[in-house]
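The exercises below concern one predicted model. Work through each task with the sequence and the structure open, then compare with the solution.

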Amino acid sequence: MSRSNSSVTAPPAGRWLQLCAGLLCMIAVANLQYGWTLFVHPLHDKYGWSLGSIQTAFAIFVIAETWLVPFEGWFVDRFGPKYVVLAGGIFVAAAWGLNSMADSLLLLYVGAALGGIGAGAVYGTCVGNAVRWFPDRRGLAAGITVAGFGAGSALSIIPIQDVIARHGYESAFLWFGLAQGLVVMVTAWFLRAPPSGAKIEAPLRLPQTDRDVPPLEMLRSRVFWLLYFMFILVYSGGLMATAQLAPIARDFKVADVPVSLLGLTLPALTFALTLDRFMNGVTRPLCGWISDHIGRENTLFIAFLLEGAGIWALWLYGQDPLLFVILGGIAFFAWGETASLFPAICTDTFGTRYATTNAALLYTAKGTASLLIPLASFWVVETGSWRDVFLAAALFNLLAAFLALAALKPLRLPAKPRRGGE
């Protein structure tokens with residue numbers, strides 16, 4: 001159903017400030033996920049914990065980050081974003097502060113849970129706020145916001161490695177945790193929801209509903225569960241690469257091999273971590289913008305095909321240090337766009353009033369996908385090879401690409417495009 005021009009108003013003032021504030025908050029919490037791989041081996045070396053046990057903390061982080069977001073979104077939709085993000089900053093600082101002194105797996109897991117709660121409060125709130133402020137540029141706005149989470153850790157990879165090398169991983173956890181938490185807490189005071197009643201017509205021919213679907217009704221729709229399943233398929237491979245990149249590089253024997261690219265020479269693992277985060281960030285606003293023009297499903301199809309091919313190529317050719325860096329960047333480039341397209345397509349389909357809660361419910365699929373991360377570690381220990389893990393991740397992406405066009409697109413067709421001239 002399309003909206004008439006009588007409902008159209010000018011974009012509300014200050015929305016770009018809101019986007020920038022959300023972006024800064026996302027940058028501040030990015031290390032909780034994307035910097036984690038740097039701490040895995042230092043923890044293993046100090047305490048002798050198995051890699052699978054350590055990666056269980058990562059799974060706990062992602063579960064807490066995602067499965068609690070619907071509750072946080074409920075508060076945001078009713079009371080605004082400020083206080084939820086402020087609480088998230090407190091949890092972020094507490095989490096890495098606890099990690100810095102954790103001498104047991106139990107404490108490490110508690111720290112992971114606190115970090116997940118904090119990161120989820122920030123992530124879900126800022127993404128939900130962006131898609132509400134920018135209905136006319138929803139893919140781009142969501143992409144810019146989540147770019148902070150994807151690329152926000154790129155500039156801190158080398159500093160974190162340096163602190164770990166010079167002062168120990170404990171200091172890196174403490175110093176960066178406090179700094180990141182403080183940035184979130186200060187920036188939270190600038191966040192607010194868009195004014196009620198503001199309606200902006202999307203000038204593009206995209207399927208966007210004019211009906212606001214409540215969360216419980218959304219949970220009864222086939223579109224939601226198809227999106228949920230596709231989310232799990234794609235994120236399981238991406239999270240595997242995020243959490244396991246350092247162990248993979250060591251098993252491929254390329255971690256410390258110098259690589260020269262783009263005028264820089266760095267160890268392959270350091271280069272890959274930095275490039276991956278950068279590519280993961282760039283793709284989010286880029287693919288969001290593309291999807292605003294060619295459609296969400298078409299963009300998903302292209303990206304999932306590229307990611308599947310990139311993951312499998314990384315297995316085949318990743319023993320070469322230069323190709324390890326390049327192919328890792330391609331895989332992260334193709335994976336990162338999901339973070340902008342899924343909340344955009346969710347809001348397109350189910351409306352803006354409950355956008356934060358609805359997108360948060362979809363985001364819980366990331367937590368479900370994270371359950372495969374420790375399983376992947378244990379499987380590699382059992383088989384002595386990453387082959388099956390890479391193959392599964394590649395096939396998951398190919399299946400998701402097929403579903404984007406063959407199943408998702410037909411299901412969303414009843415929602416007529418909004419047309420500026422109608």
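**Exercise 1. The strand pair**

Task: Find the residue that stands opposite Pro258, and describe the pairing of the strands.

Solution. Pro258 stands opposite Pro267 in β2. Strand β1 (residues 258–261) runs antiparallel to strand β2 (residues 264–267), with four bridges between them. Two strands pair if DSSP finds at least two bridges between them. Helices (H or I, at least four residues) and strands (E, at least two) are DSSP runs, numbered from the N terminus. Next, look at the turn: β1 and β2 make a hairpin with two residues between them, and Leu262 in that turn has a positive phi of about 60°.

Two conventions apply throughout. Residues are numbered from 1 along each chain as its sequence is written, and side-chain values use heavy atoms, with hydrogens and water left out. In this predicted model, local features need pLDDT of at least 70 and side-chain atom pairs count only at pLDDT 80 or more, while totals for chains, interfaces and linings use all residues.

**Exercise 2. Salt bridges**

Solution. A salt bridge is a side-chain nitrogen of Lys or Arg within 4 Å of a carboxyl oxygen of Asp or Glu.

- Step 1. Classify the exposure. Buried means under 20% relative accessible area, exposed over 50%, and partly exposed in between (1.4 Å probe, protein chains only). Lys46 has 46% relative accessibility, so Lys46 counts as partly exposed. Glu170, at 22%, is also partly exposed.
- Step 2. Arg412 is buried at 4% relative accessibility, and Glu297 is buried at 5%.
- Step 3. Shared partners join Arg138, Asp292, Arg296 and Asp348 into one salt-bridge network.

**Exercise 3. Helix α10 and its cover**

Task: Check the span of α10 against the expected value, and list what covers its buried residues.

Solution. The expected span of a helix is 1.5 Å times one less than its number of residues. α10 has 19 residues and reaches 27 Å from its first C-alpha to its last, close to the 27 Å expected. Its buried residues include Tyr169, Phe173, Phe176, Gln180 and Val184. Among the elements that cover the buried residues of α10 are α1 (15–29), α3, α6 (82–99) and α7.

**Exercise 4. Core and rings**

Solution. A nonpolar core is a set of buried Ala, Val, Leu, Ile, Met, Phe, Trp, Tyr and Cys residues joined through side-chain atoms within 4.5 Å.

- Step 1. The largest core has 110 residues, and those with the most contacts inside it are Trp36, Phe39, Tyr123, Met230 and Phe324. Helix α12 (residues 222–251) supplies the largest share of this core, 15 residues.
- Step 2. Take Met230, counting a contact as heavy atoms within 4.5 Å. Leaving aside neighbours within four places in sequence, Met230 touches residues including Leu300, Phe304, Phe342 and Leu403.
- Step 3. Rings of Phe, Tyr and Trp (its six-membered ring) pair if their centres lie within 6.5 Å; planes under 30 degrees apart count as stacked, over 60 as edge-to-face and the rest as tilted. The whole structure has 22 aromatic pairs. Tyr123 and Tyr363 are stacked, at 4.5 Å centre to centre with 10° between the planes. Tyr123 lies in helix α7 and Tyr363 in helix α17 (residues 355–370), so the pair ties together parts 240 residues apart in sequence.
- Step 4. Tyr123 is buried at 4% relative accessible area, and Tyr363 is buried at 5%. Ring pairs link Tyr123, Phe231, Tyr235, Phe342 and Tyr363 into a cluster.
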